[in-house]
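Let's take a walk through this one together. Have the viewer open and follow along, stop by stop.

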Amino acid sequence: MFLLDYRVYGALFGAILFALFLGLFSNALVVAQPANPPGFDLPSGAEPAKKAAPVAAVPLPNLLAKADADKGKALTKVCATCHSFDKGAPAKVGPNLYGVVERAKASEAGFGYSDALKAKGGKWTFEDLDAFITSPKTFVAGTKMGFGGEPDAGKRADIIVYLRSLSDAPVPLPAAK
Ligand code: HEC
C-alpha cells in the first residue's frame, strides 16, 4: 500500500525541479536590477559654483541695456551687510563700492585686500564685475569675499547698473549687440 506509482515520483520530482527553476529564475530577475540607478551624481565640493553659473544666452551689454538700477539697489541689500555704497563712507567687512565700475581692482586705500584680489590686476570692467558677482571664488580663487554668488544673469545686470550709478560721472554702458 506504500508502493507508489513511478508516475507519482515523476510528478513530485518534476514539481521540485519546477520550484528550483522558479527560485533561480526570480534570483536572476533580482540580480538583473542595477545596484545603482545610472547617472547618479557623486557629491563634489568643487563643482557647485561652476554649475550655478548658467550659460549666458543674452550678451551682457544687452542685459545691462534693459537692467533696472532700482531693482539692483534692492538686490544689494545682501551686499550691504559687508559693503557701504555712499561716497566717502568707511569700509565695512568689504571695501566701499562707490565708483567701483572702472576702478582699479583692490585699490581702496587702507583696506586689507586678499593677496588673491591684489594679484588679479586690471580695472573692474562690467564683464569682470559680472564674473565676480556670479561666483567670487571662481573668478578670484582665494578672495576673502564671503558671498556665494548670484546665479541669475538678469539680477546681476540690475546690480551692476546700480553700482554704475554710484559715481560722480557714471561710465557709459557698453553698446548692446
Ligand atoms: C560677507 C561679506 C560680503 C558680502 C555679502 C559681499 N561682499 Fe563684496 N567683498 C567682501 C570682501 C571682504 C571683499 C574684499 C575681497 C578680497 O580682498 O579678496 C569684497 C570685494 C568686493 C569687490 C571688489 C572691490 C575692490 O575694491 O576691488 C566688489 C566689486 C564687491 N565686493 C561687490 C560685491 C557685491 C556686488 C555684493 C553683493 C551681490 C557683495 N560684494 C557681497 C565682502 C562681501
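Glutamate 102 gives us a case of the middle class: with a relative accessible area of 30%, it is partly exposed. Keep in mind as we go that the model is a predicted one.

Now zoom out. The protein has eight helices and zero strands, so going by the DSSP runs that define the elements, the order from the N terminus reads α-α-α-α-α-α-α-α. There are 177 residues in the protein, and 27% of them count as buried. The exposed surface comes to about 11,800 Å², with 65% of that supplied by carbon and sulfur atoms. As for contacts in the protein with a separation of 6 or more, 47% are between residues 24 or more positions apart.

Next stop, the ligand. What surrounds it, and which residues are the closest? The count is 27 residues, and the closest are Cys79, Cys82, His83, Ser114 and Met145. Two of those names come back at the metal: His83, through NE2, and Met145, through SD, coordinate the iron atom of the ligand at 2.0 to 2.1 Å. The iron site has six donor atoms and is octahedral, with angles of 86 to 178 degrees among them. Histidine 83 belongs to the loop between helix 4 and helix 5, while methionine 145 sits in the loop between helix 7 (136–139) and helix 8 (153–165), so this pair ties together parts that are 62 residues apart in sequence. Is histidine 83 buried or exposed? Its relative accessibility is 10%, and because the limit for buried is under 20%, histidine 83 counts as buried.

An N or O atom in the side chain of arginine 103 is 2.9 Å from one of the ligand's oxygen atoms. In the side chain of tryptophan 124, an N or O atom is 2.7 Å from a ligand oxygen. Threonine 143 also takes part, with a polar side-chain atom 2.7 Å from an oxygen atom of the ligand.

Back to the loop between helix 4 and helix 5, where there are several things to look at. Threonine 76 is located there, with helix 4 covering 69–75 and helix 5 covering 115–120. Threonine 76 is buried, because its relative accessible area is 2%. Which residues does threonine 76 touch, leaving aside neighbours within four places in sequence? They are Phe85, Ile159 and Tyr162. A polar atom of the threonine 76 side chain also lies 2.7 Å from the backbone oxygen of lysine 73.

If you check backbone torsions, glutamate 102 has a positive phi of about 70 degrees, although it is not a glycine. Alanine 106, in the loop between helix 4 and helix 5 as well, is another non-glycine residue with a positive phi, near 55 degrees. Glycine 110 is also placed in this loop, and at 89% relative accessibility it counts as exposed. From glycine 110 to proline 95, 15 residues apart in sequence, the C-alpha to C-alpha distance is 9.2 Å.

Let's turn to helix 6, residues 126–134. Seven of its nine residues are buried, so the helix is largely enclosed by the rest of the structure. The buried ones in helix 6 are Phe126, Asp128, Leu129, Asp130, Phe132, Ile133 and Thr134. What do they pack against? Their partners are helix 3 (60–65), helix 7 and helix 8.

Alanine 169 lies in the segment after helix 8 and is exposed, with a relative accessible area of 58%. The C-alpha atoms of alanine 169 and glycine 99 are separated by 8.7 Å, though the two residues are 70 residues apart along the chain.

Technical notes: Residues are numbered from 1 along each chain as its sequence is written. This is a predicted model: local features need pLDDT of at least 70, side-chain atom pairs count only at pLDDT 80 or more; totals for chains, interfaces and linings use all residues. Side-chain values use heavy atoms; hydrogens and water are left out. Helices (H or I, at least four residues) and strands (E, at least two) are DSSP runs, numbered from the N terminus. Buried means under 20% relative accessible area, exposed over 50%, partly exposed in between (1.4 Å probe, protein chains only). A polar contact is a pair of N or O atoms within 3.5 Å; within protein, one must be able to donate a hydrogen and the other to accept it, and residues adjacent in sequence count only if both atoms are side-chain atoms. Contact means heavy atoms within 4.5 Å. Donors are N, O and S atoms within 2.8 Å of the metal (3.2 Å for Na, K and Ca); water is not among the atoms, so sites may look incomplete. Four donors count as tetrahedral if all angles lie between 85 and 135 degrees; four count as square planar and six as octahedral if opposite donors are over 155 degrees apart and all others between 65 and 115; anything else is irregular. Accessible areas come from the Shrake-Rupley method with a 1.4 Å probe; for residues, only the protein chains shown count as cover. A residue is near a molecule or strand if one of its heavy atoms lies within 4 Å of it.
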